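Visitor: Could you take me through the nonpolar core of this one, and the sheet that goes with it? I'd like the cut-offs spelled out as you go.

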Amino acid sequence: MDYVKMTCLKCGQGNRAPKDKLNDAPKCANCGQPLMGDKAVDITPQTFDKAKNLDDMLLVVDFWAPWCGPCRTMAPEFNKAAQALKGKARLVKLNTEQYQTVSQKLGIRGIPTMIGFRDGKEVFRQSGAMPAQQIEKLIKTHTR
Ligand SMILES: [Zn+2]
């Protein structure tokens with residue numbers, strides 16, 4: 001059977017979900033949290049590092065901050081895209097005000113910035129707020 005490796009976005013536990021059961025809302029073996037939620041959740045830099053390197057599925061991070069107007073405009077759009085792409089990519093958020101070193105390390109100059117990761121590598125980067133449809137379209141060009 002084929003498995004998909006996914007890091008739990010809540011507790012950081014590495015999980016293996018059967019590929020043909022991705023539509024049955026797989027849960028974390030450690031904390032019981034759904035591995036794929038209906039909206040983009042905020043993650044910590046620790047979980048980000050783990051998920052970026054371990055996950056088989058494309059991980060798309062929206063780097064944002066509470067003071068950033070365009071970020072707040074984009075949040076519901078990003079959630080809509082997360083819902084539409086469920087099972088194809090995981091969309092998460094990282095608060096750059098709370099975790100400034102992460103955005104420094106990645107050389108992020110403006111927010112919102114979306115970065116897609118697979119196998120520990122950056123596969124695309126896009127700055128600026130976008131509507132859900134555009135986000136979905138962009139991410140789809142990078143999913144397997
Ligand atoms: Zn968990």
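Guide: The largest nonpolar core has 34 residues, and Val60, Leu91 and Val92 touch the most other members. A nonpolar core here is a set of buried Ala, Val, Leu, Ile, Met, Phe, Trp, Tyr and Cys residues joined through C-beta atoms within 7 Å. Buried means that 20 or more other C-beta atoms lie within 10 Å of a residue's own; with 12 or fewer a residue is exposed, in between it is partly exposed, and C-beta atoms are placed from the backbone.

Before going on, a word on the source: this is a predicted model, where local features need pLDDT of at least 70, side-chain atom pairs count only at pLDDT 80 or more, and totals for chains, interfaces and linings use all residues. Residues are numbered from 1 along each chain as its sequence is written.

Back to the core: α1 (45–54), β4, α2 (69–84), β5 and α4 (132–140) each supply at least two of its residues. β4 gives the most, with 6 residues. Those labels are DSSP runs numbered from the N terminus, helices being H or I with at least four residues and strands E with at least two.

Touching is a contact, with C-beta atoms, placed from the backbone, within 7 Å.

Now for the strands. β4 (residues 58–64) and β5 (residues 89–95) pair in the parallel sense over 7 bridges, and Val60 stands opposite Leu91 in β5. Two strands count as paired if DSSP finds at least two bridges between them. Zooming out, 5 strands make an open sheet of mixed pairing, in the order β3-β5-β4-β6-β7. β3 (41–42) and β7 (121–127) stand at the edges with a single partner strand each, so one side of each has no neighbour in the sheet.

Elsewhere, β1 (residues 3–7) and β2 (residues 14–18) pair in the antiparallel sense over 5 bridges. They form a hairpin with 6 residues between them, and Gly12 in the turn has a positive phi of about 85 degrees. Lys5 has Arg16 in β2 as its bridge partner.

As for the whole chain, there are 4 helices and 7 strands, and 34% of the 144 residues count as buried. Of the contacts with a separation of 6 or more, 62% come from residues 24 or more positions apart.

Technical notes:
Contact = placed C-beta atoms within 7 Å.
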